[in-house]
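This briefing goes through one protein chain by topic. Keep the sequence and the structure at hand while reading.

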Amino acid sequence: MPITLAPLDTPIKVVKVLADEKTKRHLESLGILVNSTLTVLSSINGGVVVAVKDGRLALDAKVASKILVA
């Protein structure tokens, strides 16, 4: 399922990133890569705020819809 549909405040695992190579590399540099664990802190209009490692990231709906989690 895309991260936009993930439950709030529950650790989730990244399964696949469907973005182009440039975006994938950028997300990897931020800590979002396959098998990493994230927590969705909020979700509004398709955009999400996620906890990654010791920080928080805001992802717009376009990018968030390309991150698949389980």
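Predicted model: local features only at pLDDT ≥ 70, side-chain atom pairs only at ≥ 80, totals over all residues.

In which segment does leucine 8 lie? Leucine 8 is found in the segment before strand E1, which covers 11–17.

**Leucine 8**

- Leaving aside residues up to four places away in sequence, leucine 8 touches Val40, Leu41, Ser42 and Ser43.
- One of these, serine 43, is 35 residues from leucine 8 in sequence, yet the C-alpha atoms of the two are 7.9 Å apart in space.

**Strands E2 and E3**

- Strand E2 takes in residues 37–44 and strand E3 residues 47–52. The two run antiparallel and are joined by six bridges.
- Isoleucine 44 has glycine 47 of E3 opposite it.
- E2 and E3 make a hairpin, with two residues between the strands. Asparagine 45, in the turn, has a positive phi of about 50°.

**Strands E3 and E4**

- E3 also pairs with strand E4, residues 55–59, in the antiparallel sense. Five bridges connect E3 and E4.
- Valine 48 has leucine 59 in E4 as its bridge partner.
- Two residues lie between the strands in the hairpin of E3 and E4, where lysine 53 adopts a positive phi near 50°.

**Whole chain**

- The chain contains two helices and five strands. Read from the N terminus, the order of elements is β-α-β-β-β-α-β.
- The chain is as compact as a globular protein of its length, because its radius of gyration of 10 Å is close to the 11 Å that the globule rule gives for 70 residues.
- The C-alpha trace spans about 30 × 25 × 20 Å along its principal axes.
- Of contacts between residues at least 6 apart in sequence, 56% join residues at least 24 apart.

**Surface and charge**

- Of the 70 residues, 30% count as buried.
- The accessible surface of the chain is about 4300 Å², and carbon and sulfur atoms account for 56% of that surface.
- The chain carries 9 positive and 6 negative side chains. The centres of these two sets are 4 Å apart.

Terms used:
Residues numbered from 1 in each chain as written. Heavy atoms only, no water. Pairing = 2+ DSSP bridges. Helix = DSSP H or I, 4+ residues; strand = E, 2+ residues; numbered from the N terminus. Rg over C-alpha atoms; globule rule 2.2 N^0.38 Å. Buried < 20%, exposed > 50% of the residue type's maximum accessible area, 1.4 Å probe, protein only. Contact = heavy atoms within 4.5 Å. Areas by Shrake-Rupley, 256 points an atom, 1.4 Å probe, with all protein chains shown as cover. Lys, Arg positive; Asp, Glu negative; His and termini not counted. Charge placed at Lys NZ, Arg CZ, Asp CG, Glu CD.
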